[in-house]
Amino acid sequence: MTELRFASCIALALLAVIVSIAAPAAGEGPLALSVATNPIDSGAEVFYADDLGFFAKAGLNVQIQPGQNGSAIAAAVAANAVDIGYADIGALAKAHTRGIDFSIIAPAALWDSKAPVNVLMVAKTSPIRNAKDLNGK
């Protein structure tokens with residue numbers, strides 16, 4: 001599945017949840033929502049949805065706000081500064097330990113070890129050749 005297609009599926013799932021929760025009454029105009037996301041590839045679904053007109057078609061007026069990291073965005077959602085936010089599981093787990101619970105409405109990234117997208121690179125002259133070489137460093 002291509003990244004754009006995957007992102008479109010996630011954006012549609014997000015829209016279905018949002019619309020089912022807070023659809024505007026007839027004649028009220030688009031529902032305004034603020035969404036915070038990190039400007040990285042796994043946080044890009046909201047940008048795709050906006051560019052492809054998914055939000056407008058669903059009767060939503062979505063304002064996208066760039067975030068700094070998952071913890072900052074989770075704090076913004078908890079403080080009602082934004083309606084929906086992109087956050088990593090670590091940030092959500094940390095909030096949960098402090099008694100702040102969130103609802104996860106759509107996944108944003110999928111890790112597949114058969115098609116890894118992250119690598120650790122070192123200079124050719126580095127003594128580090130594998131992860132074991134990092135032990136004790």
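**Close-up views of a predicted model**

**The start of helix H4.** At the beginning of H4, the backbone nitrogen of Ser71 has a side-chain oxygen of Asn69 within 3.1 Å. H4 spans residues 70-78; helices (H or I, at least four residues) and strands (E, at least two) are DSSP runs numbered from the N terminus. Directly after H4, Asn80 has a positive phi of about 60°. The model is predicted, so local features need pLDDT of at least 70 and side-chain atom pairs pLDDT 80 or more, while totals for chains, interfaces and linings use all residues. Residues are numbered from 1 along each chain as its sequence is written, and side-chain values use heavy atoms, without hydrogens and water.

**The buried side of H4.** Gly70, Ile73, Ala74, Ala76 and Val77 of H4 are buried (under 20% relative accessible area; exposed is over 50%, partly exposed in between; 1.4 Å probe, protein chains only). These residues lie on the same side of H4 because they cover an arc of only 160° around the axis, taken from the directions from the helix axis to the C-beta atoms. Their cover includes strand E1 (31-37), strand E3 (84-85) and helix H5 (89-97).

**Helix H5 and its two faces.** Ala91, Leu92 and Ala95 are the buried residues in this view of H5. An arc of only 95° around the axis contains them, which means that they sit on the same side of H5. The buried residues of H5 pack against H4. On the face turned away from that buried side, Ile89 and Thr97 are exposed. Asp88 caps the N-terminal end of H5, with a side-chain oxygen 3.1 Å from the backbone nitrogen of Gly90. After H5 comes Gly99, with a positive phi near 85°.

**Asn38 in the loop between E1 and H2.** Asn38 belongs to the loop that joins E1 to helix H2 (45-51). With a relative accessible area of 7%, Asn38 is buried. The Asn38 side chain reaches the backbone nitrogen of Asn69 at 3.3 Å, a polar contact (N or O atoms within 3.5 Å, one able to donate a hydrogen and the other to accept it; neighbours in sequence count only if both atoms are side-chain atoms). Leaving out residues up to four places away in sequence, Asn38 touches Gly43, Gly67, Gln68, Asn69, Gly70, Ile73 and Tyr86, where contact means heavy atoms within 4.5 Å.

**Asn61 in strand E2.** Asn61 is part of strand E2, residues 60-66. Its relative accessible area of 35% makes Asn61 partly exposed. The side chains of Asn61 and Gln63 make a polar contact at 2.9 Å. Asn61 also touches Pro30, Leu31, Ala32 and Leu33, residues up to four places away in sequence not being counted. The C-alpha atoms of Asn61 and Leu31 are 5.7 Å apart, although 30 residues separate them along the chain.

**Leu120 in the segment after H5.** Leu120 is located in the segment that follows H5. Its relative accessibility is 67%, and Leu120 therefore counts as exposed.

**The whole chain, for orientation.** The protein chain has 5 helices and 3 strands, in the order α-β-α-α-β-α-β-α along the sequence. Of its 137 residues, 29% are buried. Among contacts with a separation of 6 or more, 65% join residues 24 or more positions apart.
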